[in-house]
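This report describes the aromatic pairs and the nonpolar cores of one protein model. The sequence and the structure are shown first.

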Amino acid sequence: MQLLRFLHHLFIPHESNNQKGKILHPSSLTIIAVFLVGFQLLLNVFPRGLPRVLGYAANISPGEVIRLTNAQRAANGLSTVTENANLDSAALAKGNDMLAKGYWAHFAPDGTSPWSFFLSFGYKYQYAGENLARDFSNANDAVNAWMNSPTHRENILNSKYKEIGIGVVEGNLAGVDTTVIVQFFGAPLGNSPSIPIAQAQEQGKSVALKPSIAPKKLATPSLSPEPTIAPVIIRTPTPLPQASPQSISSVFISPFSSTKNLSSAVLGLLLMALSIDIIVIRRKRIARIGGRTLAHIAFLGMILAVILILKAGQII
């Protein structure tokens, strides 16, 4: 009975709540806003005090990234790119290098370029490109983010590229557990060995996605060309542990999914309360003086939108 009375007081306009569901009162909306902001800060500031987060790699398949990339190329009248084992290895090495040295960029702090990874694994290229991404919940979102960025889109739809390599790595990057996706594109020189997809899969390398680097043709047969670098796609850091027996036994949570689900639930609850309020007030013909419920909910909705946008990621 007490629960029913509480819910009645919370949602149904009557004398005890001044003819407006308590949840729609400015004080209640303020508390909700503070709670959402506090929840977001908790995820960002105290990630290690919370259950470990298995990022988004569980939902990202290297093959799916390649399939979606080729689907975009086909939709734009281009030939598909073929998976290359050497590029897979190079992309994986680039991802691990970022985790080991703690940087999120195309070039390492010591000046190591993306192209050095191509050459380290015996991939002699005429054209080369790189896309980087992190903390996406699935391959489709990552590819869509690239396609929405002019420079990354140009990389994906570059007709000069013939082969692709993907590397997905999980680990701690600058103090935050995360999942990084590295995507390498290449067009081999005439004498450069090209390893087919089957062999690439045999090597059992995970794949990852990264913001794009626009290609640049080599001026000479030498192997020192450096494609121009385009912005890097970044999804705001969210805690993600490396796959290990210890981490697998932990409770896994996706910070972005948690924020999105909680925000959607709160917004849905407020809309339901507002609908009930409108119906009851009209049926009872209650005269209400003033009131800015819509304005308050709109303000809260803006807070939710900002939180989701910040959490969803950005392109630099």
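Predicted model: local features only at pLDDT ≥ 70, side-chain atom pairs only at ≥ 80, totals over all residues.

Trp115, Phe118, Tyr123, Tyr125 and Phe184 are linked by ring pairs into a cluster. A pair of aromatic rings is described by the distance of the centres and the angle of the planes. Two of the pairs, both of which involve Tyr125, are set out below.

| Ring pair | Distance of centres | Angle of planes | Class |
|---|---|---|---|
| Trp115 and Tyr125 | 6.4 Å | 50° | tilted |
| Phe118 and Tyr125 | 5.5 Å | 65° | edge-to-face |

Trp115 is buried, as is Tyr125. The relative accessible area of Tyr125 is 1%, and that of Phe118, also buried, is 0%.

A charged side chain also meets an aromatic ring in this model: Arg134 lies over the face of Trp104, at 5.3 Å from the ring centre.

In soluble globular proteins, nonpolar side chains tend to be buried together. Here the largest nonpolar core comprises 23 residues, and Ile60, Ile156, Ile164 and Ile166 have the most contacts inside it. Two or more residues of this core come from each of α3 (62–75), β2 (125–134), α6 (139–147), β3 (163–173) and β4 (176–188). The largest share, six residues, is that of α6.

Beyond its neighbours up to four places away in sequence, Ile156 touches Thr69, Gln72, Arg73, Asn131, Trp146, Met147, Gln183 and Phe185.

For the protein as a whole, 11 helices and seven strands are assigned. Of its 316 residues, 47% count as buried. Among contacts with a separation of 6 or more, 79% are between residues 24 or more positions apart. The accessible surface comes to about 15,100 Å², and carbon and sulfur atoms account for 61% of this area.

Technical notes. Residues numbered from 1 in each chain as written. Heavy atoms only, no water. Core = buried A, V, L, I, M, F, W, Y, C linked by side-chain atoms within 4.5 Å. Buried < 20%, exposed > 50% of the residue type's maximum accessible area, 1.4 Å probe, protein only. Helix = DSSP H or I, 4+ residues; strand = E, 2+ residues; numbered from the N terminus. Contact = heavy atoms within 4.5 Å. Phe/Tyr/Trp six-rings, centres within 6.5 Å; stacked < 30°, edge-to-face > 60°. Lys NZ or Arg CZ within 6 Å of the ring centre and 35° of its normal. Areas by Shrake-Rupley, 256 points an atom, 1.4 Å probe, with all protein chains shown as cover.
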